[in-house]
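Colleague: Could you take me through the pockets and the chain contact in this one? I'd like to go piece by piece.

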Amino acid sequence: SAVISQKPSRDICQRGTSLTIQCQVDSQVTMMFWYRQQPGQSLTLIATANQGSEATYESGFVIDKFPISRPNLTFSTLTVSNMSPEDSSIYLCSVVHTRGGQEQYFGPGTRLTVT
Amino acid sequence: AQSVTQLDSQVPVFEEAPVELRCNYSSSVSVYLFWYVQYPNQGLQLLLKYLSGSTLVKGINGFEAEFNKSQTSFHLRKPSVHISDTAEYFCAVSPGGYQKVTFGTGTKLQVIP
């Protein structure tokens, strides 16, 4: 398994500002994913982040709005830029462990409220 | 492409009663199947997974699921629920090979004392 931490755990931000969310894993992992979970809804994949390459974004998500960094095999950041109230969500990072069994392990999430 | 359908958005059940949470999927390729649980204000935790082999899969907390290829289903069951099982449950599917996981819309299990 993998132990994942996220910072911050929650934040309240003003419209038009940006927030960077950090994801730290306790072991080296090949692939990291960023998801959004809007209130009362399921998880939607934002992008896949591989170390040493550009993140791959899903339809409806763009790099200018959600820039991602993946500087090494244990760390990634997601920035939510120029926020609006519609960005209020839980943001979760997850990993597929290099020697795992295909399942994803999730961080505790970052609860973002935009006012 | 793949998709997951969880028909029941909410399932109320009395404590110590059995429960089944339904999950159907569609995919043009073979898939791996998962059930995750999300307790209030927490991230997702893996309950169980089906990769291959026996179609009856046992997971944590007394849950089990049965893979039915002909019906493209992966229903989650527990013979006797506890108050602490109150949570949201997500069924998920992946073609494997580190490809993305598709989640269902979730089923909120409410255990009534």
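Colleague: Which elements each supply at least two residues to the lining of the second largest pocket?

Modeller: In this predicted model, those elements are β5 (43–50) of chain A together with β11 (102–103) of chain B. The largest share of that lining, 3 residues, comes from β5(A).

Colleague: And what volume does the second largest pocket have?

Modeller: The volume of the second largest pocket is about 190 Å³. It is lined by 14 residues, and those closest to its centre are L43(A), T44(A), L45(A), T102(B) and F103(B).

Colleague: How does its lining split by class?

Modeller: The lining of the second largest pocket has 6 nonpolar and 6 polar residues, with 2 charged residues besides.

Colleague: OK, on to the largest pocket. How much space lies in it?

Modeller: The largest pocket holds about 420 Å³ of space. Its lining draws two or more residues from each of β9 (89–97) and β11 (110–114) of chain A, and likewise from β10 and β12 (107–112) of chain B.

Colleague: Which residues lie nearest the centre of the largest pocket?

Modeller: Of the 23 residues that line the largest pocket, Q38(B), P40(B), N41(B), E88(B) and K108(B) lie nearest its centre. By class, the lining of the largest pocket consists of 13 polar, 7 nonpolar and 3 charged residues.

Colleague: Changing topic to A87(B): where is it placed?

Modeller: A87(B) sits in strand β10 of chain B, which covers residues 87–94.

Colleague: Is A87(B) buried or exposed, and why?

Modeller: A87(B) counts as buried because its relative accessible area is 8%, and the cut-off for buried is under 20%.

Colleague: What does A87(B) touch, leaving out residues up to four places away in sequence?

Modeller: With those sequence neighbours left out, A87(B) is in contact with V37(B), Q38(B) and Y39(B), and also with T107(B), K108(B) and L109(B).

Colleague: Last topic, the contact between the chains. How many residues does it take from each chain?

Modeller: The contact takes 21 residues from chain A and 20 residues from chain B. The area buried between the two chains is about 1,700 Å², and carbon and sulfur atoms give 55% of that area.

Colleague: How many salt bridges does the rule find across that interface?

Modeller: Across the interface of chain B and chain A, the rule finds 0 salt bridges.

Key. Residues are numbered from 1 along each chain as its sequence is written. Chains are lettered from A and ligands numbered from 1 in the order in which they are written. This is a predicted model: local features need pLDDT of at least 70, side-chain atom pairs count only at pLDDT 80 or more; totals for chains, interfaces and linings use all residues. Side-chain values use heavy atoms; hydrogens and water are left out. Helices (H or I, at least four residues) and strands (E, at least two) are DSSP runs, numbered from the N terminus. Buried means under 20% relative accessible area, exposed over 50%, partly exposed in between (1.4 Å probe, protein chains only). Contact means heavy atoms within 4.5 Å. On a 1 Å grid over the protein atoms alone, a cavity is a set of points where a 1.4 Å probe fits but cannot get out, and a pocket is an open set with protein on both sides within 12 Å along at least five of seven lines; lining residues have an atom within 4 Å of a point. Grid points are joined across faces, edges and corners, and a volume is the space filled by probe spheres set on the points. Ala, Val, Leu, Ile, Met, Phe, Trp, Tyr, Cys and Pro count as nonpolar, Asp, Glu, Lys and Arg as charged, and the others, Gly among them, as polar. Buried area is the accessible area (1.4 Å probe) that two parts lose on being put together, summed over both. A salt bridge is a side-chain nitrogen of Lys or Arg within 4 Å of a carboxyl oxygen of Asp or Glu.
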